[in-house]
Amino acid sequence: MSVSIGTAGLSSTEAADYTRSVLDIAMRLAEVMFSNGAGAEDVVSAVLAITRAYGVRNVDADVTYSVIELSHENPSTHETISRSRNVRYRTLDYFTLTRASNLIAELVEHPLEVPEARRAIARIVSAPALYPRMLRRFGWSLVGAGAAFLIGGNWIVAIAALLATMFIDYLTSALANRRVPVFFQTLAGGAVGPLVAAAVHLIDPSSNTSLIVVATIIMLLAGVTTFGAVHDALSGFYVTGTARFVEAMFVTGGLVAGVGASSLLVARFGLMLEINPSSANGFGNLPVQLAASVLIVLGFALAVQLPVRAIWAACLLGAVAELVYVLALDTMIGTVFGAAVAALTVGLLAALMARMVRVPPLVIVVSGLVPLVPGLILFTGLLQLSGGSLDGVLSMLAAASVAVALAAGAILGQYLVQAVWGPVRALPRRFVGPLMALPVKLNRSRADKF
């Protein structure tokens, strides 16, 4: 089918209408990407690639935390056409993000007619969920159960963590539907863990019930925007990166407040939560750790609707991340550098595996790193602070450092691969980071497409 590209031969009015249509297509896809976890750099890169493919030059795109703005200046008339859209609702839907990413690749290589492109975007936005709601909810429960096994819990602790995280998902979803701020959502979710731990302690006093709390913390931290914040900051989008850091701090603050308040409540009834040093340092044997990591990644993949074809890749990356992390800890380099090395390995491998399963690198990188979320360190710091020890502040800073190290290590791995084989060479000079939410082609001959 012949597709008319560009404004050559059109009257000024027709050219302006065509430009508005192209900006509308780019804006719709930018909103889909940004609201489903893509970084600001990926969004701007996608917008510029789409508008160039449709023959519309001199486009400027700006992405802040909640606003996407596009503008085009006609070089002959100096007339400016602008588009702006607020992005208020964010979620992690990697199925929708993958479909949008693949459509962008199609539009860049073989632009569709404007009406057909709009219909394609509408099909993505209105498509039903990949997995049923109950399966997605069960996925979050698997994250909690896997986290309990990962940190040394027994079957009773794992089952209790599964039920606790399932209830937390019900609770936070209900609060989100009522437009309750995310701070109070995580506060309510964080309060569940100690209450469940107290109930399990009555049933089996010999179990280390504090690990239930850690498992719920890991589940609640799995969707925090630390990765996107670091990506935006390293890419030069400081306003967006700072805003995402603030959001992550509020989410974590609500979680800490909920866990702390609930822990004080159960302490009134004689249950003092504490972490067994042996379980905190040993984490069980390696086979159990690897199996637990795969269980966590599998649950997270279901919860965020990772395409079926990519689940095995994410699970493999999760096992590799845990293996490298354990080996790094054995060399006594510390948790922060151990997390960075593991994330770097995941970033390098994800660049290749993303091509095999036809998904953006972001979706399998984030999924593969969930087992390394520093929930245990955060809870240890909280217990230390509640006991009046200033070491709790250091533990909190250590947890934040691990989170940043995970994101920075994975981004560095992606950058190294794309700088050698990928589209980094063809990007405008303003972009300094790797593409994470776009289909990366690891060859230089076609790098100009992005």
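Mentor: Helices (H or I, at least four residues) and strands (E, at least two) are DSSP runs, numbered from the N terminus. This is a predicted model, where local features need pLDDT of at least 70, side-chain atom pairs count only at pLDDT 80 or more, and totals for chains, interfaces and linings use all residues. Residues are numbered from 1 along each chain as its sequence is written, and side-chain values use heavy atoms, with hydrogens and water left out.

Trainee: Which helix holds Val393?
Mentor: Val393 sits in helix H17, which spans residues 391–421.

Trainee: What makes S1 and S2 a pair?
Mentor: Two strands pair if DSSP finds at least two bridges between them. Strand S1 (residues 59–63) and strand S2 (residues 67–73) have five, so they pair, and they run antiparallel. A hairpin of three residues links S1 to S2, and Ala61 stands opposite Leu70 in S2.

Trainee: How do you know that S2 also pairs with S3?
Mentor: Seven bridges join S2 to strand S3 (residues 80–86), so that pair qualifies too, again antiparallel. Ile68 has Arg85 in S3 as its bridge partner. The hairpin of S2 and S3 has six residues between the strands, and there His78 takes a positive phi near 60°.
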